[in-house]
Structures are given as structure tokens and as C-alpha cells.
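Please keep the sequence and the 3D view side by side while you read. The paragraphs below go from the terms to the parts of the chain.

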Amino acid sequence: MALLTILYKERNKWIQLADLAAVIGVTRKTVRSYILSIQEKFGDHARFYFNGSMVYVQFHPNFGLISMKKLLIREFLLYKILVNSFFEPETKKAELAFELGFSETSIYRHAQNFNELLDSAYELEFSYSDFQLLGEEDEIRKFYVNMFKETMVFPGEWPFEGYVC
């Protein structure tokens, strides 16, 4: 996230890869690798130019830092687990692990870590065995409405046709 923030704040300027590396605490080669990954994910929303040891990023005028972070959140394994458990609750954990390219152990670990985070904000628990959120219906609805609202980049992305939050 730090690299995304810097690239966005320094948009439309040439930036030394060595300076980026020093700020985020990695090597120039690693920074270049990270930028290439960002370019792959956000190529529709930004143009990236490299000149030797420098990078220049030009973002689409209607695409900001918050939109970038929302799209990045959608790439997280936990987000994908939650979306799957909401839309396809009958999916087997082994199938999901295969589909996402992670082990069942990774999915279990993410579910356990998620439960620790849930305690502070919601009275819910993610059941790995049932592969769903457990708790009062209103609390589950509130969680999912907030999750989908917070990860929508554009208003037309609401996943429930005919329903307004």
C-alpha cells in the first residue's frame, strides 16, 4: 500500500527506483517487480513508463488512490473467501483452494486471523467447518453490506440488482 500511495502522490513525475526502494525498505529490483505487478493489476487505469532506473506513472483522471486500494483489496485471499462463502456457500474448501491457487491450510489460517479481526467490530465468527459467517442475521447482513459498499469502485458495481443499500 505504501508503494501505491507514493506512486499516486508522485504521479506525472519521474521517480528514481532507488528512492522508492529506500522509502519502502526493499531493493531496486524488488521495487521494479512490485511496479510491474501494479502495472498488471491497474493497466486499464494507469500508464507506466520506465527509463533506466526511473519510473513515470500517469493515472486516468477518474481513478484515484481510494479506487486503487479497493481494487487491491479484491485481490486478497480473505476477500475472495468471503465473496465465495456469500455467493456460493456450497463450494467445498478443496475446490476453492484449487480455484484460487492456495492450500486449504492457507484458507484455514486466513479464516482464523479473520475471526480475531471480527471480534473488535462485529459479533460474528467465520466458521471454517461450515464455511460461513455465524451470528445474528442482522449482524451478518450489516457485515456483508459494508464489505460490498467499501469495495465498490464505481456505483454500477453493486452486486445485487434491484436492491439499494
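A residue is called buried when its relative accessible area is under 20%, exposed when that area is over 50%, and partly exposed in between, with a 1.4 Å probe and protein chains only. By this rule glutamate 139, at 16% relative accessibility, counts as buried.

The model is a predicted one, in which local features need pLDDT of at least 70 and side-chain atom pairs count only at pLDDT 80 or more, while totals for chains, interfaces and linings use all residues. Residues are numbered from 1 along each chain as its sequence is written, and side-chain values use heavy atoms, with hydrogens and water left out. The predictor's confidence in each residue is given by pLDDT, from 0 to 100. The chain has a mean pLDDT of 88, and 96% of its residues reach 70 or more. Confidence is lowest in helix 4 (residues 65-73), with a mean of 86, and highest in strand 1, at 95. Where pLDDT is low, predicted coordinates should not be read in detail.

The numbers of helices and strands need a word as well. Both are DSSP runs numbered from the N terminus: helices are H or I with at least four residues, and strands are E with at least two. Two strands pair if DSSP finds at least two bridges between them.

Three strands form an open sheet in the order 1-3-2, with antiparallel pairing. Strand 1 (14-16) and strand 2 (46-51) stand at the edges and have a single partner strand each, so one side of each lacks a neighbour in the sheet. From one strand to the next, the twist averages 30°. Strand 1 is joined to strand 3 (residues 54-59) by three bridges, and the two run antiparallel. Across this pair, glutamine 16 stands opposite methionine 54 in strand 3. Helix 2 (residues 17-24) packs on the sheet and touches strand 1 and strand 3; its direction makes about 60° with that of strand 1. Contact here means heavy atoms within 4.5 Å. For the angles, axes are lines fitted to C-alpha atoms, for helices over the stretch in contact, and angles run from 0 to 180 degrees between N-to-C directions.

Strand 4 (residues 124-127) and strand 5 (residues 132-135) run antiparallel and are joined by four bridges. They form a hairpin with four residues between them, and phenylalanine 131 in the turn has a positive phi of about 55°. Serine 127 has glutamine 132 in strand 5 as its bridge partner. Serine 127 also lies 8.9 Å from glutamine 112, C-alpha to C-alpha, although the two are 15 residues apart in sequence. Glutamine 112 belongs to helix 7 and, at 32% relative accessibility, is partly exposed.

How far apart are the end C-alpha atoms of helix 7 (residues 104-121)? They are 26 Å apart, which agrees with the 26 Å that its 18 residues should span at 1.5 Å a residue. The expected span is 1.5 Å times one less than the number of residues. Buried in helix 7 are Ser106, Ile107, Ala111, Phe114, Asn115 and Leu118. Their cover includes helix 5 (77-87), helix 6 (93-100), strand 4, strand 5 and helix 8 (137-151).

Asparagine 84 sits in helix 5 and is buried, at 7% relative accessibility. Apart from neighbours within four places in sequence, asparagine 84 is in contact with Pro89, Thr91, Leu96 and Phe131. Phenylalanine 131 is the turn residue of the hairpin described above.

How many salt bridges does the whole structure hold? A search finds three, a salt bridge being a side-chain nitrogen of Lys or Arg within 4 Å of a carboxyl oxygen of Asp or Glu. In one of them, lysine 13 meets glutamate 10, with the closest N and O atoms 3.4 Å apart. Lysine 13 is partly exposed, at 42%, and glutamate 10 is partly exposed too, at 31%.

Glutamate 137 and arginine 141 form a salt bridge at 3.1 Å, N to O. These two are four residues apart in helix 8, which means that about one helical turn separates them. Glutamate 137 is partly exposed at 45%, whereas arginine 141 is exposed at 53%. Lysine 142 and glutamate 139 also form a salt bridge, at 3.4 Å, N to O.
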